[in-house]
2 protein chains.
Amino acid sequence: MKLSIDEQLARIRAHTVEIIPEEELVRKLRSGRPLRVKLGVDPTGPDIHLGHAVVLRKLRLFQDLGHVAVLIIGDFTGMIGDPSGRSEGRPQLTREQVDKNVATYREQVFAILDPEKTEFHYNSEWCSKLTPEQILRLASTHTVAQMLARDDFEQRYKAEQPISIHELLYPIFQGYDSVAIRSDIELGGTEQKFNLLVGRELQRIGVLEPPQKPQCIITFPILVGTDGVRRMGKSLGNYIGVTESPDDMFGKIMSIPDSVMGDFFTLCTDLSNDEITAMLAQMRAEELNPRDAKRRLAKEIVSFYHSAEAAEGADETFLRVFSGSREQTLEDYAALADEVAIPEDLRGRPVWASTAIHQLGLAKTKSEATRLVKAGAVHVNERQLSDPQEGIGLEAGMLLRVGKRRVARLV
Amino acid sequence: MKLSIDEQLARIRAHTVEIIPEEELVRKLRSGRPLRVKLGVDPTGPDIHLGHAVVLRKLRLFQDLGHVAVLIIGDFTGMIGDPSGRSEGRPQLTREQVDKNVATYREQVFAILDPEKTEFHYNSEWCSKLTPEQILRLASTHTVAQMLARDDFEQRYKAEQPISIHELLYPIFQGYDSVAIRSDIELGGTEQKFNLLVGRELQRIGVLEPPQKPQCIITFPILVGTDGVRRMGKSLGNYIGVTESPDDMFGKIMSIPDSVMGDFFTLCTDLSNDEITAMLAQMRAEELNPRDAKRRLAKEIVSFYHSAEAAEGADETFLRVFSGSREQTLEDYAALADEVAIPEDLRGRPVWASTAIHQLGLAKTKSEATRLVKAGAVHVNERQLSDPQEGIGLEAGMLLRVGKRRVARLV
């Protein structure tokens, strides 16, 4: 790609949250040398999903501009886990698990990145070799108050939830990775901003090595999952993997709520902002059916990860689902769902199944609702109900279904 | 020494602040095996003073009861220092300085301890060999909130003074020393209580090694310095070293304020509580001159560190000072001082030197005070005044002197 610095900057800046500091990034781009662009990889979950892809696609842009992607596998912290057993989310991994996860990750990541311009490093390469004295010196560079200023720490500290001492060391080790690989730029989600700045600071002051030109940091928005509410993540079961089959990928994309379609267009496709804005306007003006807009989204994404032909095929499969030619999945139903707001007086408390079905407009009368539940026609997500007086807590993102066609997604 | 468990416990308990938990200590004493009694030693200040001696004398008692003193030189943390340069009080030491300090310390400590029953260890023996993974596992055992509950951390955090992350690791390393030497009992000043409890906890849970029977901890009161106000310490210049000459030791003891004489009798001599209480009662009843009580104190202490003959000699030297046969030192003057309370209206603001002298009763009139300052007869501590209108901030512990005999110690 031969682009002016301004054109490069415009492409880099697109869909990012912050570039800190932009003027330094411009200087680095002007230098003409291949920059080292760092991305940290969590070895606990091998599957790359569209949420990860937001950042990876920007990394690919840097490669296309002549720079080097430096992926850091956080095996050092990953293998430590949390021996106190307090954090369910951070299981202790064995060396074998890490290696297996990394192998899967490498396979998948080259659906997006250029292997010729990609370096892989394990951070245990340097972190495991640090002496206790070196660790203390690195730790001395930041204060407790600075660490507790990090959003999640601050919230947990205020809520009197335990924060172990070793957790305060994670940002330090992550930051030291930037020194070890001489990073020029580091990419990450907005929730990583604090850690990325620690790397910048450690390069600037030079603790164990001479000071380095500090990295610029670029942060990215968080992509929501298929539920349209929470961050896309494997443990939440709301993710779309980049190596999923065209049909699965297509179906899952068709299941996202209309309200987040704009985010998916912006963060997961190469459509220009103008195109996306025009499409959303057409939808609001009811000139474009949301389902057709979503089919466009699904086709764009499946084309990127598979091929245009695969995307066409998946679209046909999806349309066939409507004619009932195969067993429908939860995603299929989600794709059919109408969004229904939870009535104020049904929020925050359990409601009889029959009452819920009736009040949400899925049954005309309460006695019809009772009959439908008893008949086994009513499902909450994938669970079939049988007792009309079962208490149901209504939540945003929940799918309520009566038979094969009446589906409501609660909002 | 052949004593019953009750008698042993009475001697151990004397002049301590807390024994945690006492019933476990009793069980350990009953076991009949030689216990390992740990004391941490700071390698930054080699000279042992009466403040250190309070704990060392208890350690000697344990030796006399058949147990082993295990002294841990904190060279690991001592050599790290504070690279951020924020803390003046913790200079970074070289290996040579540490070795020199330890040599001096060993020489002095055997004025109190039995060398046959004393082990010396450097904590770098085990701390420097910890891997990064092991350090993280140790650090994971305590939370930030637990650490910030330590008095000094809490105060600094609330006052928004910086606390570096590596400072939170010190209690962990100190505590790990107890695991490494399999400590049965640890002694320390009250300010060490938190660190001692971390050692107990690390032994109990067993992080890198199998769990151990946790150590009991015994804490001791802080001895004030010769100023009678602040903790005895080298950097404050208010200490009495255990290897000082009989004359210097005697003179410094004579310079302490009457109000702390009871503390010194209790913490620095072998006199029984009954004897001490009786003497203090006699003083209050004005049947015993405080200066004579203090001579008794000085003779007891000099006898312990030198000999009874040396103490007699030092007493004679001290008495000769009153007849003016040598140049007087600040300690000599302090020994002569009357205690004078700072009047309420002169507190917390600078006062003219002449006003101060007059109001404190060291000059009959204000004009006499002015004349005395101009004549060079007035000293604040060791500094001669010349300007009657110089602003003086009156503080507890300050010595004001007019000529050779009129001396006031502010309280």
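Analyst: Val378(A) stands opposite Val402(A), a residue of strand β12 in chain A. Please keep in mind that you are looking at a predicted model. The two strands concerned are β9 (residues 378–380) and β12 (residues 399–402) of chain A, and they pair in the antiparallel sense over three bridges. In general, strands of a sheet pair through backbone hydrogen bonds, and the pairing can be parallel or antiparallel.

Now let's step back to the sheet around this pair. Five strands of chain A make up an open sheet with mixed pairing, and their order is β7-β13-β12-β9-β10. At the edges you will find β7 (338–340) and β10 (383–384) of chain A, each of which pairs on one side only.

A pair of packed helices is described by the angle between the axes and by the distance between them. Take helix α1 (residues 5–13) and helix α2 (residues 22–30) of chain B: they pack at an angle of about 130°, and their axes are 11 Å apart. Because of that angle, α1(B) counts as oblique to α2(B). The crossing of α1(B) and α2(B) is right-handed. On the α1(B) side, the residues that meet α2(B) are Ile5(B), Gln8(B), Leu9(B), Ile12(B) and Arg13(B). Their partners in α2(B) are Glu22(B), Leu25(B), Val26(B), Leu29(B) and Arg30(B). Sorted by kind, the residues of this contact between α1(B) and α2(B) are six nonpolar, one polar and three charged.

Setting aside neighbours within four places in sequence, Gln8(B) is in contact with Leu3(B), Leu29(B) and Leu65(B). Leu29(B) is also among the α2(B) residues that α1(B) meets.

Another helix pair in chain B is α3 (residues 50–64) with α13 (residues 261–268), which pack at an angle of about 40° with their axes 9 Å apart. That angle makes α3(B) oblique to α13(B). Here Leu50(B), Val54(B) and Arg57(B) of α3(B) make the contact with Phe264(B), Leu267(B) and Cys268(B) of α13(B). The residues in this contact of α3(B) with α13(B) are five nonpolar, no polar and one charged.

Key:
Residues numbered from 1 in each chain as written. Chains lettered and ligands numbered in written order. Predicted model: local features only at pLDDT ≥ 70, side-chain atom pairs only at ≥ 80, totals over all residues. Heavy atoms only, no water. Axes fitted to C-alpha atoms, helices over the stretch in contact; angles between N-to-C directions. Helix = DSSP H or I, 4+ residues; strand = E, 2+ residues; numbered from the N terminus. Parallel < 35°, antiparallel > 145°, perpendicular 65-115°, else oblique. Left-handed = near helix turned anticlockwise from the far one by under 90°. Contact = heavy atoms within 4.5 Å. Nonpolar A, V, L, I, M, F, W, Y, C, P; charged D, E, K, R; others polar. Pairing = 2+ DSSP bridges.
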